[in-house]
Amino acid sequence: MKFNKKLENISTYEAGKPIELVVREFGIEPKDIVKLASNENPYGCSVKVQHAVSEILPHMAMYPDDSMKKLKEGLSHRFEVAEQNIVIGSGSDQIIEFLMHAKADGNSKILINSVTFAMYEIYAKHVGAQIIRTASQEHNLDEFYELYTQENPDIIFLCTPNNPTGDAIGTKEMLAFLDKIDSDTLVVVDGAYMEYAAYKESSKKVSPKELIEKFDNVIYLGTFSKAYGLGGMRVGYGLADAKIIKELYKLRPPFNITTLSLEAASVALEDAEFVNECIALNFKEMKRYEEFANKQKIDIIESYTNFVTLCFNNNINATQLSDALLRRGMIVRNLSGYGMNAIRVTVGTKEQNDRFFELAAELL
Ligand SMILES: *Cc1c(COP(=O)(O)O)cnc(C)c1O
């Protein structure tokens, strides 16, 4: 059978290996498997969320509230933006997909960082758009600007903090960059890890309200999958000028967020204490990764997220190391596919990290 030609050069997104797969493939007991591969919150989600969701379980026969009133009110309050500035997606992934269809087609160019979140490229290919990449590993806004003037892209993606490298753009620099971009170029600021960056370093904190007030061509993306511990619920949001949101709504399938997910995200927003505790623990444990890297003489990129990126010299092969870890029940992310001899490790609980240090020390 012949399929859409655009699909020919798309490789399927490889999510972090699920625990079930490692159980089957290597015959390891689930209790002996540690997954530090998808930047999930190792402390789970707020107990308040669990209670709230269990209380609405009897209401599953009804379609969800498609106006998403409660969650929109929560986001509107949290970010001080109007409800007309909000779109909610099945993960912020879905909003990236909407954006691509809203703004790009087979004649478009998409400007992204050399190493960044894989979904930008995959969704760009869905519409046949051309990908332009910078050369620098970290977001270099001078280089972005140069490519912008040369290539005239339709969409620019800024991922801050960046996945999979963990570095973040300074807010001042970003605002100065956005000032120079014409209003017909859509700029996506992906803040999937912004809660972590804002906690660690205020000069990296991006305010969606400020972006919306200053620019009508910028959309900020956030997610409940990382700091809020709701990866399994699939909820993300986009905050932008109402004219952008209106277009995205044309692409949104009805009922794209389930009743349980809407409730979970709404309640999660109210439990700031839980999120702050998790973030504080994250950076406390991250220090141990820095110490580990120093001791092992491996490069570690300064991270503003809930993961660390360990970069190796030629003596260590990232693919071999991640395979060896996997056979011992430790799932991490091999970054060879991103052109880096490196692995990305989600900062886990103290016990999970102990296990990583023990296994990695043995293998290195
Ligand atoms: C995890 C992540 C997302 C979105 O995740 P969803 O679960 O789809 O909300 C978006 N961007 C980056 C950079 C991420 O790491």
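What is the relative accessible area of Glu210, and is Glu210 buried or partly exposed? The second legend below gives the value for this predicted model.

The model is predicted, so local features need pLDDT of at least 70 and side-chain atom pairs count only at pLDDT 80 or more, whereas totals for chains, interfaces and linings use all residues. Residues are numbered from 1 along each chain as its sequence is written, and side-chain values use heavy atoms, with hydrogens and water left out.

**View 1. Salt bridges of Lys69.** A salt bridge is a side-chain nitrogen of Lys or Arg within 4 Å of a carboxyl oxygen of Asp or Glu; the whole structure holds 22 of them. Lys69 pairs with Glu73, with 3.9 Å between the closest N and O atoms. Both residues belong to helix 3 (residues 69-79), where a spacing of four residues separates them by about one helical turn. Helices (H or I, at least four residues) and strands (E, at least two) are DSSP runs, numbered from the N terminus. Lys69 also meets Glu83 in a salt bridge (3.1 Å, N to O). That pair links distant parts of the chain, 14 residues apart, as Glu83 lies in the loop between helix 3 and strand 2 (86-89). Lys69 is partly exposed at 38%, as are Glu73 at 41% and Glu83 at 26% (buried means under 20% relative accessible area, exposed over 50%, partly exposed in between; 1.4 Å probe, protein chains only).

**View 2. The Glu210–Lys214 salt bridge.** The side chains of Glu210 and Lys214 form a salt bridge of 2.6 Å, N to O. The two stand four residues apart in helix 9 (residues 208-214), about one helical turn. Glu210 is partly exposed, with a relative accessible area of 26%, and Lys214 is partly exposed at 49%.

**View 3. The open sheet 9-10-13-12.** Four strands make up this open sheet with antiparallel pairing; two strands pair if DSSP finds at least two bridges between them. Strand 9 (299-300) and strand 12 (333-334) are the edges: each has a single partner strand, so one side of each lacks a neighbour in the sheet. Strand 9 is joined by two bridges to strand 10 (residues 307-311), and Asp299 has Cys311 as its bridge partner in strand 10.

**View 4. Surroundings of Ser92.** Ser92 lies in helix 4 (residues 92-103) and counts as buried at 9% relative accessibility. Leaving aside residues up to four places away in sequence, Ser92 touches Leu221, Gly222, Thr223 and Gly236 (contact means heavy atoms within 4.5 Å).
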